[in-house]
Amino acid sequence: MTKKKISLRVRNFENKPLKVNDKIGNPVMVGTIVVWQVADTFKASFDVDDYENFVHLQADAAVRKMAGTYPYDNFEDEHAEVTLRSGVEDVNKSLEDEISARLQHAGIKVIEARISHLAYSSEIASAMLQRQQATAIVAARRMIVDGAVGMVEMALEDLKIKGIIDFEDEKKAAMVSNLMVVLCSDKNASPVVNVGTLNQ
């Protein structure tokens, strides 16, 4: 007969970031924190060889499976409602459930599991950053154009209502073009003073 002491205290460990593939296949780095404790000393002693090592290995496996379930973001998967980056609560719940299911065979209770680190892998991080910047620029430009169109419409309507000037179609098109250039340009306009008539 031998006697072995098993601590029932709550423990935690932080997994170093693992390189895993997301749902789309992009390599990402995912680090996790797992809080756990021994709930069944019999299973922890006799159902597995080394329950502490078992916890670490199964946590790694759970992270790999969980990461493959979600895309990193919705740039490539526009229909994704939950992503690793935006769906923090859902992703952490999925991770916790996956680790709990794997560790119940060893009598281990998972109190909490959450992602502590999330980033693109170094080999694609630069390209993904450029893609995100380009997407942000396009979105900003779209907003600027929408605002400029509204301002031009308002200006033409006010001129018409107040009867300040009556444009021919050709002159109206020229004015619209000039206003759009000025409003949408990312540089300050350089005005040219016309000292002649409107027809010059």
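This is a predicted model: local features need pLDDT of at least 70, side-chain atom pairs count only at pLDDT 80 or more; totals for chains, interfaces and linings use all residues.
The chain contains five helices and three strands. Read from the N terminus, these elements follow the order β-β-α-α-α-β-α-α. Of the 200 residues in the chain, 30% are buried. When contacts between residues at least 6 apart in sequence are considered, 67% of them join residues at least 24 apart.

Asp73 was examined in its local setting. This residue is placed in the loop between helix H2 (51-67) and helix H3 (88-103). The relative accessible area of Asp73 is 4%, and the residue is therefore classed as buried, since the class covers values under 20%. The side chain of Asp73 is joined to that of Tyr120 by a polar contact of 2.9 Å. Apart from neighbours within four places in sequence, the residues in contact with Asp73 are Thr83, Arg85, Tyr120, Arg131 and Gln132.

Aromatic rings were considered next. Three aromatic pairs are found in a search of the whole structure. One of them is formed by Trp36 and Tyr51, with a centre-to-centre distance of 6.3 Å and an angle of 75 degrees between the planes. This arrangement is edge-to-face, because planes over 60 degrees apart are counted in that class. The pair links distant parts of the chain: Trp36 belongs to strand S2 (residues 27-38) and Tyr51 to helix H2, and the two are 15 residues apart. Trp36 is buried, with a relative accessible area of 3%. Tyr51 is likewise buried, at a relative accessible area of 7%.

Another pair consists of Phe42 and Phe46, whose ring centres lie 5.0 Å apart. The planes of these two rings meet at 45 degrees, so the pair is tilted; an angle under 30 degrees would have counted as stacked, and one over 60 degrees as edge-to-face. Both phenylalanines lie in helix H1 (residues 41-46), where a spacing of four residues corresponds to about one turn of the helix. Phe42 and Phe46 are both exposed, whereas Trp36 is buried and Tyr51 is buried as well.

Key:
Residues are numbered from 1 along each chain as its sequence is written. Side-chain values use heavy atoms; hydrogens and water are left out. Buried means under 20% relative accessible area, exposed over 50%, partly exposed in between (1.4 Å probe, protein chains only). A polar contact is a pair of N or O atoms within 3.5 Å; within protein, one must be able to donate a hydrogen and the other to accept it, and residues adjacent in sequence count only if both atoms are side-chain atoms. Contact means heavy atoms within 4.5 Å. Rings of Phe, Tyr and Trp (its six-membered ring) pair if their centres lie within 6.5 Å; planes under 30 degrees apart count as stacked, over 60 as edge-to-face and the rest as tilted.
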